[in-house]
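Welcome to this short briefing.

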Amino acid sequence: MASNPDQPWLLENGTLKGLTKETGRTGRTAHNMSSSSLRKKSDRTLVSKVPCALLRQFLANLQEVLLGTKLFVLFPAIPLAIAAQCFGFARPWVFALSLIGLMPLAERVSFLTEQIAYYTGPTVGGLLNATCGNATELIIAIFALAQHKVAVVKYSLLGSILSNLLLVLGTSLFCGGIANMKKEQKYDRRQADVNSLMLLLAVLCHLLPMLFTFAATGSSTGVGVDPTLHLSRASSIVMLLAYAAYIVFQLWTHRELFEAQEESDDDDVVEETPDIGFWSGIVWLVGMTAVIALLSEYVVGTIEEAADSWGLSVSFISIILLPIVGNAAEHAGAIIFAFKNKLDITLGVALGSATQIAMFVVPLCVIIAWIMGINMDLNFSVIETGSLALSILAVALTLQDGSSHYLKGLVLLLCYIIIAACFFVIKSPLHQSNILHPGLQTSTGAVLGA
């Protein structure tokens, strides 16, 4: 591919390093397509007139990364959150500003992974997307574990799964059905079947520790670590192995099922080019991740004070508010494509994110907590596990025939509203998890206090 002299911001060391005709095709996934719906092209006329090449490249990258999204108006929330934390503002203000600041950052991470994929090829790009697709949830969970707030980890991850399955998918099917009332809405059910199967495996791994707890009630387990914890850790390893097989299935053996198909009005295929250089993308990705980590620390540290100030339970904020705000950009993109009657992209976003969290982020958090010496199991208590199981079952039944209409989306939305009302009413106390000590036996039922 010949470099374009009118686009000097793409050049690093005078060439488009690593960019070839083969790697120019990124094999865009539904996540990439969803996030791209909120992007906008920046006017680089003024930047291209800067005489210094190094400064020109820096300003072009800065403009593309910060102003290349429709959510750029939310970026001021980031320095405001840092200032509120440094100058001792009210904790709910720090929480709210940090949460708002995470919205554009999550979308920019998706953008940067796609940019890097132009140079590394679709396979490595897919692995990056599989790893960084839910980076915000994972980082928040790690900081919550570091502060021994196991309940916040469980609540936030459960909320992410429920919001993707019921809120995002329900809203998309409902809006898409209304907007395309006179059209038949079809989608490839093979991708939905694969994700539904993975989610059913995840629900089994959550149900067994909970059922084991009830079955072991009254029996003598001896002194040591709760057997439910051993079962949860073994199940987490199995889930990670299953997710690895899912990645192989998605990126190699059955790749065509997961690649988002873009419609073309003519026979000419427009070859896409990256907006920033490879090493610039790496540096920006590391920087964005560091800022996400900082804001995640603020969110975890202030969530209890915000809950007390607003009169809400920590469970409601973690399950309902955190996932909605944290993934707002990706969710909005899924709904936009539903309006355009592109349900395969919508399903790829909603089901793909839910599968990634359930089969990768949750078990990984259990393993990380194990390494940190913190007791985290897969027993999410009765109400939480029941909500998860029934939601997955409802989605699986909804998607079984390969067609959609607005009533299916409405039912999923009503399910989400009922679950949200349930956690709004329940005032579950927030208990911190115990650190492992020899001879200490933990009660998994007390972790969530539900």
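Helices here are DSSP runs of H or I with at least four residues, numbered from the N terminus. By that rule, Ser381 belongs to helix α15, which covers residues 381-398. Please keep in mind that this is a predicted model. Its average pLDDT is 79, and 76% of the residues score at least 70.

**Confidence along the chain**

- Residues 1-26 have a pLDDT under 50 throughout, and the model gives this stretch 52 contacts beyond four places in sequence.
- The pLDDT is also below 50 over residues 220-224, a stretch with six contacts in the model beyond near neighbours in sequence.
- Where pLDDT is low, the predicted coordinates should not be read in detail.

**Helix α12 and its contact with α11**

- Helix α11 spans residues 278-310 and helix α12 spans residues 314-326; their axes come within 9 Å and cross at roughly 115 degrees.
- Angles of 65 to 115 degrees count as roughly perpendicular, so α11 is described as roughly perpendicular to α12.
- The crossing of α11 past α12 is right-handed.
- On the α11 side, the contact uses Val299, Ile303, Glu304, Ala306, Ala307 and Trp310.
- On the α12 side, the contact uses Val314, Ile317, Ser318 and Leu322.
- Sorted by class, the residues of this contact of α11 with α12 are eight nonpolar, one polar and one charged.

**Helix α12 and its contact with α5**

- Helix α5, residues 91-120, packs with α12 at an angle of about 45 degrees, and the two axes are 8 Å apart.
- This angle makes α5 oblique to α12.
- From α5, the residues in contact are Phe95, Leu99, Ile100, Met103 and Ala106.
- From α12, the residues in contact are Ile317, Leu322, Val325 and Gly326.
- The contact of α5 with α12 contains eight nonpolar residues, one polar residue and no charged residues.

**Residues with positive phi**

- His148 is not a glycine, yet its phi is positive, at about 60 degrees.
- The loop between α7 (135-146) and α8 (150-179) is where His148 lies.
- With a relative accessibility of 22%, His148 counts as partly exposed.
- Ser381 is not a glycine either, and its phi is positive at about 70 degrees.
- Is Ser381 buried or exposed? Its relative accessible area is 8%, so Ser381 is buried.

- Gln191 is part of helix α9, which runs over residues 189-215.
- Gln191 counts as buried because its relative accessibility is 9%.
- Which residues does Gln191 contact, leaving aside its neighbours within four places in sequence? Its partners are Leu257, Phe258, Asp344, Leu347 and Gly348.

**Pro227 in α10**

- Pro227 sits in helix α10, which covers residues 227-253.
- A relative accessible area of 24% makes Pro227 partly exposed.
- Eleven residues separate Pro227 and Ala216 in sequence, and their C-alpha atoms are 9.1 Å apart in space.

How values were computed:
Residues are numbered from 1 along each chain as its sequence is written. This is a predicted model: local features need pLDDT of at least 70, side-chain atom pairs count only at pLDDT 80 or more; totals for chains, interfaces and linings use all residues. Side-chain values use heavy atoms; hydrogens and water are left out. Axes are lines fitted to C-alpha atoms, for helices over the stretch in contact, and angles run from 0 to 180 degrees between N-to-C directions. Helices (H or I, at least four residues) and strands (E, at least two) are DSSP runs, numbered from the N terminus. Angles under 35 degrees count as roughly parallel, over 145 as roughly antiparallel, 65 to 115 as roughly perpendicular and the rest as oblique. A crossing is left-handed if the near helix is turned anticlockwise from the far one by less than a right angle, and right-handed if clockwise. Contact means heavy atoms within 4.5 Å. Ala, Val, Leu, Ile, Met, Phe, Trp, Tyr, Cys and Pro count as nonpolar, Asp, Glu, Lys and Arg as charged, and the others, Gly among them, as polar. Buried means under 20% relative accessible area, exposed over 50%, partly exposed in between (1.4 Å probe, protein chains only). pLDDT is the predictor's confidence in each residue, from 0 to 100.
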